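Biologist: Hi! Could you walk me through this one? I'm new to reading structures.

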Amino acid sequence: MSHSGQKKISSYFTKFKPKDNGEPTNKVAKKDHVLPVDEGNNTEDEVQEKAQDERDTTTSSSVITPTEKKTQDSPLRDDQYHAVEIAESETEETPSTSKQFDTLSLKPHSGTVFRKGILPKGWKHDQKIYFQRKHPWLIVKGPNLGCSVCRQVRDLGAEKSRGMKLSKEWTDSTVKAYGTNPRQQQKSLRKKIGEHAQSKAHVATLKILENAKKDSLLQVTAKAQSLQMSSTSRIFRVAYKEAKRNRPAYGFETEIDCHQLNGLDMGRILHSNVACSNIQRHISSEMKRKIFAQIIELSPKISILLDEGTALNRKSSLIVYMRMQLPGMDSPANIFVDLIELSDLSADGIVSSLLSALKKDPINISEDFLSKCLVSVACDGASVMFGRHSGVIKRLQEKISPNIVAWHCSAHRLELAVHDVMKDIGATNHFKNLLDKLYSLFATSVKNRLELKECAEVLDIQLCRIGRVLDTRWVASSFRTVEAVWNAYPALYKHVTSAAVDASRDSSNRNMYTGLGRRLSSIQFVANLGLMYDALQELSELSLELQKRDSTIIDAHRAICRQIAVFEAMVDRQGKHFSQCKKAMEENIFQGVMLHKGKTTDKIIEQGQFFRSLAENLRNRLLSTGGTNSADKKADYETLINEVKVLYKQYWPDELPVLYGESDIESLCKRFNIASRETIRAYREYKESGGKEIKRQFKELLMALHTIAISTAECERGFSQMNLICTSTRASLLTETISSLMFLNLVGPPFKRFNPIPYVQSWLAKGWRAADDTRSKARKEEDLECTRDLDCVWAFLEK
């Protein structure tokens with residue numbers, strides 16, 4: 001103990017020194033009074049404990065006054081005490097004791113009730129005074145002890161290190177003595193006070209309060225959080241960039257190392273591939289929560305787009321999109337919602353998985369919301385989806401609303417119409433078989449591709465890839481193949497004729513090339529090539545029109561009707577490329593290649609029959625709501641289109657009746673769950689203005705109509721994005737992880753517009769660690785590329 005400390009204690013003893021007559025100056029003071037000392041001095045401890053035992057014996061034999069008895073019998077709440085209860089000193093009989101408390105300048109909370117005589121077990125008032133003078137932070141709260149500093153700070157913030165935390169007992173003032181006798185109780189309290197005074201957490205709180213003298217505690221905390229936020233935000237931005245670029249998480253550590261080498265502070269932790277994946281899932285979840293919370297609040301009319309698929313992880317999945325037009329949008333947008341893993345591929349299983357995924361956090365879309373806002377459901381023509389009696393859409397109509405518009409993807413139906421034409425016109429199969437043969441010839445042989453490329457370079461022809469034609473792909477893909485054959489026709493013929501006389505090939509290959517050359521130079525193939533070029537060009541443009549994101553039901557109807565009229569006109573009128581082929585047939589030369597009459601088995605596609613079949617099959621397939629030729633689907637489509645036409649000026653009669661279109665408007669409002677009377681009044685003003693003035697109520701009907709999805713091409717784009725994420729080297733990704741990465745790619749903002757701060761804040765609020773957190777182990781940096789064999793080689797580069 002220091003000299004100054006001994007001087008203070010000795011001056012304290014003089015106040016209780018007995019008078020010459022042997023009587024003490026104060027009733028509280030005793031002749032054998034000894035103050036407690038630190039636990040390290042065993043001799044003084046023994047003396048103090050012996051004196052305490054004698055005082056306890058004297059106290060126990062004293063008479064308790066009625067006031068004191070009442071105090072002891074009545075219970076006392078914890079909130080009636082403060083950190084230092086100096087009010088007790090006011091009731092003591094010794095003036096010197098009160099004076100000692102006055103020097104501490106500690107005051108109780110206003111309104112706090114104190115009672116005298118309640119102290120920690122084994123303590124008297126002099127122990128309380130001594131320890132509070134030595135440790136000003138000590139709280140005496142009735143029988144309990146606490147720490148005012150730890151209670152004030154509560155959170156260590158940036159001062160926190162691994163294994164360090166504030167004691168809940170000291171912050172809540174619930175530290176109690178243990179032991180069966182006063183000696184053990186005093187010893188336990190001295191030990192607890194000494195250990196707490198030397199603890200790292202308590203020292204850190206003192207440091208925080210010392211810094212707070214220069215700057216407020218809030219500013220210190222904000223500054224510490226600011227430092228944490230900056231490094232953690234950099235980590236989040238890198239993780240978001242990796243997701244946007246479809247990069248695997250195992251390269252995340254290298255990205256962090258690159259930024260650190262560039263001089264940026266990237267923190268201590270959150271550098272692993274697991275941390276990268278967790279951050280990406282967190283960002284995706286928070287984005288979904290914010291977006292769909294706004295969607296639920298705005299309650300726009302929506303359509304759901306569904307499609308099934310299987311990724312490289314060999315798990316069947318259902319991709320879900322929502323089509324809606326939010327305030328500020330000029331046209332509806334298709335928003336990716338989720339990729340749902342399907343364990344049950346039946347209609348009931350798909351519906352159950354869909355609704356449970358929509359209800360689950362962070363989407364939180366209920367069936368009540370769907371019954372109010374769902375307008376239509378679009379999907380492909382699979383029986384499990386579009387079954388008339390027990391398909392997915394039928395189940396949704398029964399469960400959500402019978403007014404849901406069921407729509408079979410128009411782009412898929414166009415493909416089905418083309419396949420119907422191939423069944424009607426057998427000659428198209430001969431043309432398809434020859435192009436498939438060319439595809440297999442060049443797709444499986446690098447040598448043949450190189451030779452074809454050389455022939456194209458000699459003839460100065462730009463070569464395009466030859467693919468399949470009229471298969472399961474979009475019609476636009478078939479057109480690109482026919483266009484490639486048309487443009488590369490001289491190079492193709494030169495290659496097959498050269499290969500037919502190549503002595504390095506065996507006889508079977510030479511015979512095959514000889515046959516291909518004869519078929520390519522036949523007038524039948526050239527005529528069919530020109531005819532298919534014209535037809536597929538028209539079909540390709542129609543397919544692309546139906547696949548547009550902003551295409552509406554009335555736009556699709558106009559495009560389909562226009563295309564049917566074009567094909568009906570081409571029954572008697574030759575197209576551009578077919579006319580060139582007809583002229584080449586008369587001259588027996590096409591693009592420098594001499595033509596000849598083919599075999600009797602080679603057929604020319606009859607022009608009138610072919611285009612007439614195209615027009616009829618397009619009418620049967622596309623002018624209905626479903627993929628079948630059933631009368632009820634066609635009737636539903638005709639009814640819907642007739643109701644929609646009254647909304648567009650170009651379909652109005654020359655003289656408008658007063659009540660024109662109001663019954664159709666009322667029917668549409670009932671179908672889309674919109675207030676009819678307000679919409680009808682707005683429609684009347686719309687007619688009076690000649691289709692120029694659109695009121696808000698009428699605009700709501702137009703937006704609901706435009707929300708109907710006429711194609712599920714967006715789902716196919718989603719599957720393409722899924723294949724970019726789930727590659728052969730990442731085939732073990734969970735469906736939930738793939739869905740999160742797809743959402744970041746398809747819905748997340750561009751990298752430059754991404755603000756990581758809100759996501760870092762929610763990350764820390766959920767209890768996850770910041771990048772600068774010191775409680776976790778820092779990443780052990782290992783140079784996996786470093787080997788002893790190359791060390792000496794790399795040393796040359798450092799010179």
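Biologist: Let's start here: which helix is Phe796 found in?

Modeller: Phe796 sits in helix H35, which covers residues 788-797. Keep in mind that this is a predicted model.

Biologist: Thanks! Is Phe796 buried or exposed, and why?

Modeller: Phe796 counts as exposed because its relative accessibility is 56%, and the cut-off for exposed is over 50%.

Biologist: Now the inside. Which residues touch the most other members in the largest nonpolar core?

Modeller: Those are Leu306, Leu370, Phe610 and Leu647, in a core of 172 residues. Helix H24 (residues 523-546) gives the most to this core, with 13 residues.

Biologist: And what is Phe610 in contact with, leaving aside its neighbours within four places in sequence?

Modeller: Its contacts are Val421, Ile425, Thr428, Leu531, Met532, Ala535 and Ile605.

Biologist: Let's switch to aromatics. How many aromatic pairs does the structure hold?

Modeller: There are 21 aromatic pairs. One is formed by Phe236 and Trp763, an edge-to-face pair with 5.4 Å centre to centre and 85° between the planes. This pair links distant parts of the chain, 527 residues apart: Phe236 is in helix H11 (residues 217-244) and Trp763 in helix H34 (residues 757-765).

Biologist: Are Phe236 and Trp763 buried or exposed?

Modeller: Phe236 and Trp763 are both buried.

Biologist: Why is the pair of Phe567 and Phe611 tilted?

Modeller: Their planes are at 35°, so the pair is tilted, and the ring centres are 5.9 Å apart. Phe567 and Phe611 are buried too.

Biologist: Which rings are linked into a cluster?

Modeller: Ring pairs join Phe479, Trp486, Tyr489, Tyr533 and Phe590 into a cluster.

Biologist: One more residue. Where is the place of Trp137?

Modeller: Trp137 is in the loop between helix H6 (125-134) and strand E1 (138-141). With a relative accessible area of 9%, Trp137 is buried.

Biologist: What does Trp137 touch, not counting residues up to four places away in sequence?

Modeller: Its contacts include Gly146, Cys147, Trp170, His196, Ala197 and His202. Trp137 and Ala197 are 60 residues apart along the chain, and their C-alpha atoms are separated by 9.4 Å.

Note on methods: Residues are numbered from 1 along each chain as its sequence is written. This is a predicted model: local features need pLDDT of at least 70, side-chain atom pairs count only at pLDDT 80 or more; totals for chains, interfaces and linings use all residues. Side-chain values use heavy atoms; hydrogens and water are left out. A nonpolar core is a set of buried Ala, Val, Leu, Ile, Met, Phe, Trp, Tyr and Cys residues joined through side-chain atoms within 4.5 Å. Buried means under 20% relative accessible area, exposed over 50%, partly exposed in between (1.4 Å probe, protein chains only). Helices (H or I, at least four residues) and strands (E, at least two) are DSSP runs, numbered from the N terminus. Contact means heavy atoms within 4.5 Å. Rings of Phe, Tyr and Trp (its six-membered ring) pair if their centres lie within 6.5 Å; planes under 30 degrees apart count as stacked, over 60 as edge-to-face and the rest as tilted.
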